[in-house]
Amino acid sequence: MRRFPFFEQPISFAWDMAMSAFGTRQTLYERFFFGDPARFATTFYHRYDREACAQIVRQFLDSEQQ
């Protein structure tokens with residue numbers, strides 16, 4: 001069986017980040033660092049200033065009517 005040593009290190013790192021206890025703890029830490037992800041997304045959505053985007057749409061619709 002032929003070995004490919006240049007693949008071993010990246011695959012080992014990928015396994016550590018995806019499947020090991022360290023990787024799963026790190027993923028959970030990053031996911032919940034700022035709090036509940038659903039609440040954060042909802043707050044971000046409601047606080048986002050959509051007026052600039054709405055103005056672009058209004059300009060487009062007005063240009064179509066002329």
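Student: What should I know about the model before reading it?

Tutor: The model is predicted, so local features need pLDDT of at least 70 and side-chain atom pairs count only at pLDDT 80 or more, while totals for chains, interfaces and linings use all residues. Residues are numbered from 1 along each chain as its sequence is written, and side-chain values use heavy atoms, with hydrogens and water left out.

Student: How many helices and strands does the protein have?

Tutor: Helices (H or I, at least four residues) and strands (E, at least two) are DSSP runs, numbered from the N terminus. Here there are four helices and zero strands, in the order α-α-α-α from the N terminus.

Student: Which residues form the nonpolar patch on the surface?

Tutor: A patch takes residues with over 30% relative accessible area and no salt bridge; like charges are joined within 9 Å, nonpolar side chains (Val, Leu, Ile, Met, Phe, Trp, Tyr) within 5 Å. Accessible areas come from the Shrake-Rupley method with a 1.4 Å probe, and for residues only the protein chains shown count as cover. In this case Y29, F33, F34, F40, F44 and Y48 make up the patch, about 770 Å² of accessible area together.

Student: Which side chains meet in a salt bridge?

Tutor: Side chains of opposite charge can pair when their charged atoms come close. The criterion is a side-chain nitrogen of Lys or Arg within 4 Å of a carboxyl oxygen of Asp or Glu. E51 and R58 meet this way at 2.9 Å, N to O.
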